[in-house]
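Below are some notes for a colleague who is opening this structure for the first time. Please read them with the model in view.

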Amino acid sequence: MTPVRLTLALAACLAGALLALPETRAQAPVASARPKVGLVLGGGGARGGAHLGVLEVLEELRVPFDCVAGTSMGALAAGAYVAGVSPAEMKETIARTDWAGMFDDSAGRDSVSLRRKQIDDRFYSGLEFGVAKDGLSYREGAVAGEKIKLFFNALVRADLGERNIEDLPIPLTLIATDIGNGERVAMRSGNLTSAMRASMSVPGAIAPVVRDGRKLVDGGLVDNVPVQEVRERCGAEVVIAVNVGSPMLKPEQVSGVLSVVGQMVNLLTEQNVAKSLSLLGPGDIYMRPELGSITAADFNRQIEASAIGRATALAVADKLRALSVSPEEFKAWRGRVRLEPGPKPPVVHEVRVEPTRFVNPVELRAAIRQKEGEPLDSKTLAQDLVLVYSRGDLQSLDYAVLTERDKTILKLTPLEKSWGPDYLRFGINLSSDFRTESPYNLRALYRKTWINAFGAEWLTAAQLGSNQGLATEFYQPLDYRQRFFVRPFIGTKQEKIGLYFDGDRLAEYRTREDRVGLDAGVNLDVYGQAKVGWLERRLKATRDTGIPQFPDLKGDVGGVSASVALDTQDFAFFPTKGYSAKLDYFEALRESNLDGKYGRVEGNLRGAWSPGDLIFLGAVEGGQATHGRLPLGDSFALGGLGRLSAFAPSQIIGNDAYGLVSVQAQYRLTKPMPLLGLSLLAGVSYEAGYMKNPVTEPNLTGGINSYGVYLASNTIFGPMYLGYATSKDRSGRFYLFIGTP
């Protein structure tokens with residue numbers, strides 16, 4: 001090759017190299033490029049509070065992530081964070097939340113109608129079965145999760161518009177279990193809050209969530225620490241996994257039904273956790289906060305768990321710093337995630353109620369205070385939804401904020417009870433004085449609801465045992481708001497009454513009352529009811545055993561009945577606040593085979609006040625014959641639990657007048673347990689009574705007192721009391737009572 005050609009060739013090569021140089025530099029990998037990071041937040045109930053501390057540290061160290069997967073309580077933290085809620089906001093919300101109340105779906109006893117209170121107080125709602133052609137059915141969880149779902153809605157600001165997983169700024173997966181076939185369900189799209197609720201639906205405790213035709217429960221059963229999910233979802237090269245699962249119980253700790261069930265769940269969970277952890281490599285970061293005595297049910301200790309989670313994350317801060325980015329990069333990343341500060345709620349143009357099977361949507365809409373043309377008031381809406389749910393017709397009631405053609409639609413989705421609208425309830429009471437008295441009663445109620453658009457109900461109740469009865473009534477509201485009503489009824493009851501003299505039961509009479517009548521009345525909001533009507537009665541009293549003290553009685557009476565009742569107490573049997581009052585009047589305008597016409601009035605007033613764990617209860621009641629002589633079936637009686645507890649039930653009978661004052665002080669020995677709500681109380685009582693001209697125990701004239709001590713608790717069958725009471729007039733007596741009055 002000539003020198004000229006050689007020179008030209010070298011120049012061409014040099015030019016080519018120079019032209020290729022910029023492109024080669026642009027394609028070269030950057031040595032400091034950040035690997036893709038996947039965050040995994042595991043399930044563990046209240047122990048999941050540790051996730052908040054971990055998220056705090058990730059923010060402080062400027063560690064972004066490319067996708068997130070969460071299970072159960074980890075789904076709550078993951079879903080809320082990706083939806084724009086900061087760890088500080090989550091902690092603030094959790095700290096002010098009443099977690100014991102969160103697992104009680106109702107608005108509280110003081111917020112439901114008096115009629116509903118009266119049914120619940122006698123027939124326990126926890127023993128409610130659906131009645132259909134194919135037999136009896138039961139609810140799918142101890143609680144429906146209504147308040148939990150509304151809590152999630154408020155947390156992620158669902159009032160600003162429907163939050164769907166696929167629309168979030170970071171890829172998110174929440175894990176659930178298909179209770180029908182046991183399959184693992186990875187929720188990567190659809191409504192965010194329903195997915196959060198599904199992922200933490202503990203089987204048997206919280207009802208399943210239906211999504212895409214599948215019944216979903218807690219994802220911890222199949223994938224409690226979903227490592228593989230972030231590998232697949234965003235190709236995570238580094239996984240940050242946080243495991244807050246409950247440790248296995250020691251053999252000696254497995255000693256009861258609840259602990260056996262808990263250990264079984266732990267076994268299932270630990271098996272899938274071990275499989276997930278085997279997928280972690282040396283470059284991944286694994287955290288297992290040492291949460292000590294904090295259990296999955298200790299929701300009031302979540303802030304404490306958060307501090308432990310923070311300490312755990314700081315212990316691996318060196319590894320986390322290797323994944324950090326510059327302040328500018330992290331600010332831009334976090335800015336895509338955060339909600340705008342103080343966004344204004346939209347103006348609602350239409351409130352739309354989805355179709356129902358039996359509940360009247362017009363009546364449901366009337367109970368929601370949100371008005372068209374006004375900004376959405378999410379706090380008031382949540383209160384209204386819980387109140388409507390508390391009526392007992394719905395399995396759930398949710399809302400969504402939609403946009404259609406520049407209009408904002410508030411969509412209400414009522415899901416009626418799958419086991420309704422016809423129900424069967426049960427009640428029970430057992431008592432003993434550890435001597436001769438051990439009465440028992442079993443009762444059942446058939447309730448057919450929503451017979452027409454106004455919400456008419458047909459109730460039939462039966463009772464067997466020491467006292468027996470059968471009654472039926474038709475309750476017909478006269479307007480959509482159910483303010484006015486009429487109530488025809490018919491029934492019969494038979495009771496045993498012991499007749500005492502100086503503490504000895506000398507005889508036992510069996511009384512029977514057949515009644516038929518018609519009431520018309522008005523519901524006084526949710527707090528009370530007033531009614532007036534005509535009542536026809538047939539009274540009969542015959543001696544069953546012992547010495548004859550009264551002649552046998554059989555007669556008819558008819559007259560006007562009237563009553564007014566108010567009740568704002570938060571609990572029926574162990575109230576901590578509120579009052580109740582009742583006044584009954586009966587005027588016999590027609591009688592045969594009795595001692596003449598008569599009238600009677602009877603009333604009571606009760607109140608509760610609770611400074612902390614100390615509860616004070618007070619009550620005053622009395623009755624009087626306005627004229628004439630009261631027959632045995634209409635006489636006044638004292639004795640029994642809370643009515644001079646040192647005496648047997650109805651031990652002191654009179655037909656002129658009586659009075660009773662009682663005070664109690666209770667101390668809460670244990671806090672109510674979430675889901676179960678059980679608590680143990682210790683109490684002291686003092687009762688003072690008066691019976692004018694008693695026809696039994698005639699020597700008990702003037703003031704009669706009773707004072708005692710007791711332990712009490714609520715159970716699935718109603719309240720339980722075990723106590724001892726004594727009196728200056730009689731020797732002391734132990735007593736046991738379980739059930740509803």
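1. Helices here are DSSP runs of H or I with at least four residues, numbered from the N terminus. The model is a predicted one. Helix α11 covers residues 302-315, and A313 is found in this helix.

2. Is A313 buried or exposed? Buried means under 20% relative accessible area. A313 has a relative accessibility of 0%, so this residue counts as buried. Apart from neighbours within four places in sequence, A313 is in contact with V54, V57, M287 and L320. As for Q228, the C-alpha atoms of A313 and Q228 are separated by 22 Å, and the two residues are 85 residues apart along the chain.

3. The largest nonpolar core has 71 residues. The residues with the most contacts inside this core are L58, F65, L172, L192, I240 and L320. Which helix gives the core its largest share? That is helix α3, residues 73-82, with 8 residues. Another core lies apart from this one and has 32 residues, including F489, F574, A588 and L700.

4. With neighbours within four places in sequence left aside, the contacts of L192 are G79, A83, V156, R163, N164, I165, L168, L172 and L174.

5. Helix α2 spans residues 50-60, and its axis comes within 10 Å of the axis of α3. The two axes cross at roughly 35°, and the crossing is right-handed. On the α2 side the contact is made by H51, L52, L55 and E59, and on the α3 side by M73, G74, A77 and Y81. By type, the residues of this contact divide into 5 nonpolar, 2 polar and 1 charged.

6. How many disulfides are counted? The count comes to 1 disulfide. C67 is joined to C234, with an S to S distance of 2.1 Å. The angle about the S-S bond is -50°, and the link is left-handed. C67 belongs to strand β2 (residues 67-71) and C234 to helix α9 (residues 227-234), so the pair ties together parts that are 167 residues apart in sequence. Both C67 and C234 are buried.

Technical notes: Residues numbered from 1 in each chain as written. Predicted model: local features only at pLDDT ≥ 70, side-chain atom pairs only at ≥ 80, totals over all residues. Heavy atoms only, no water. Core = buried A, V, L, I, M, F, W, Y, C linked by side-chain atoms within 4.5 Å. Buried < 20%, exposed > 50% of the residue type's maximum accessible area, 1.4 Å probe, protein only. Helix = DSSP H or I, 4+ residues; strand = E, 2+ residues; numbered from the N terminus. Contact = heavy atoms within 4.5 Å. Disulfide = S-S within 2.5 Å. Axes fitted to C-alpha atoms, helices over the stretch in contact; angles between N-to-C directions. Left-handed = near helix turned anticlockwise from the far one by under 90°. Nonpolar A, V, L, I, M, F, W, Y, C, P; charged D, E, K, R; others polar.
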